[in-house]
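I opened the notebook to record what I looked up in this structure. The entries follow the order in which I worked.

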Amino acid sequence: MYCLVVSATPDIPWNDLRARARHATTTSYAPYSRVTVGACAVTDDGRLIDGANVENASYGLTLCAECSLVSDLIRQGGGRLVAVSIVAGDGQPIAPCGRCRQVLFEHGGNELLIDAGDDRTPTALSQLLPDAFGPDDLGVRRSG
């Protein structure tokens, strides 16, 4: 387990996240597209959480690796995501789709760092999903 202090410059175990995300692609279920995707995130208490995509013959029911990751986060008691690495079967980073950006926002917020690769600076989720709608909006956006 990693001891992580969340600050302006968090100590993120990027190499471990990437390695586990790459391994997670081998547990993916992608018989239709054959595009395997794996994800690994670190939580604010230092836990590493993995996920892999799970396709479905009814394509709209497919679960992205990020959805799988968040499901496992909740199953393991919840927490806040701090950083995530998402890779395709070729082992290279892949950006989360729009749906997954929203799912990740719910459990990591604007500050969640998205891996951009070995030689690139991670991207804050706020850059990928500006002006995100979240739980805080529910109470103030209701009518009457």
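How many bridges join β1 to strand β2? I noted first that the model is predicted. I then found 5 bridges between β1 and β2 (residues 48–52), and the two strands run antiparallel.

Entry: Across the pair, C40 stands opposite D50 in β2.

**Entry: the other partner of β1.** I recorded 7 bridges from β1 to β3, again antiparallel. V37 has A88 in β3 as its bridge partner.

**Entry: burial of β1.** I found 7 of the 7 residues of β1 buried, so the strand is largely enclosed by the rest of the structure. On one side V37, A39, A41 and T43 are buried, and on the other G38, C40 and V42.

**Entry: nonpolar cores.** I looked up the largest nonpolar core, which has 18 residues; L69, L81, V84, L104 and L112 have the most contacts inside it. At least two of its residues come from each of β1 (37–43), α2 (65–75), β3 (81–88) and α3 (98–108). α2 gives the most, with 4 residues. Leaving aside residues up to four places away in sequence, L104 touches E66, V70 and L81, among others. Another core, of 11 residues, lies apart from it and includes I12, C40, V42 and L48.

**Entry: confidence.** I noted a mean pLDDT of 91, with 92% of residues at 70 or more. Over residues 1–9 the pLDDT is below 50. Where pLDDT is low, the predicted coordinates should not be read in detail.

Key. Residues are numbered from 1 along each chain as its sequence is written. This is a predicted model: local features need pLDDT of at least 70, side-chain atom pairs count only at pLDDT 80 or more; totals for chains, interfaces and linings use all residues. Side-chain values use heavy atoms; hydrogens and water are left out. A nonpolar core is a set of buried Ala, Val, Leu, Ile, Met, Phe, Trp, Tyr and Cys residues joined through side-chain atoms within 4.5 Å. Buried means under 20% relative accessible area, exposed over 50%, partly exposed in between (1.4 Å probe, protein chains only). Contact means heavy atoms within 4.5 Å. pLDDT is the predictor's confidence in each residue, from 0 to 100. Two strands pair if DSSP finds at least two bridges between them.
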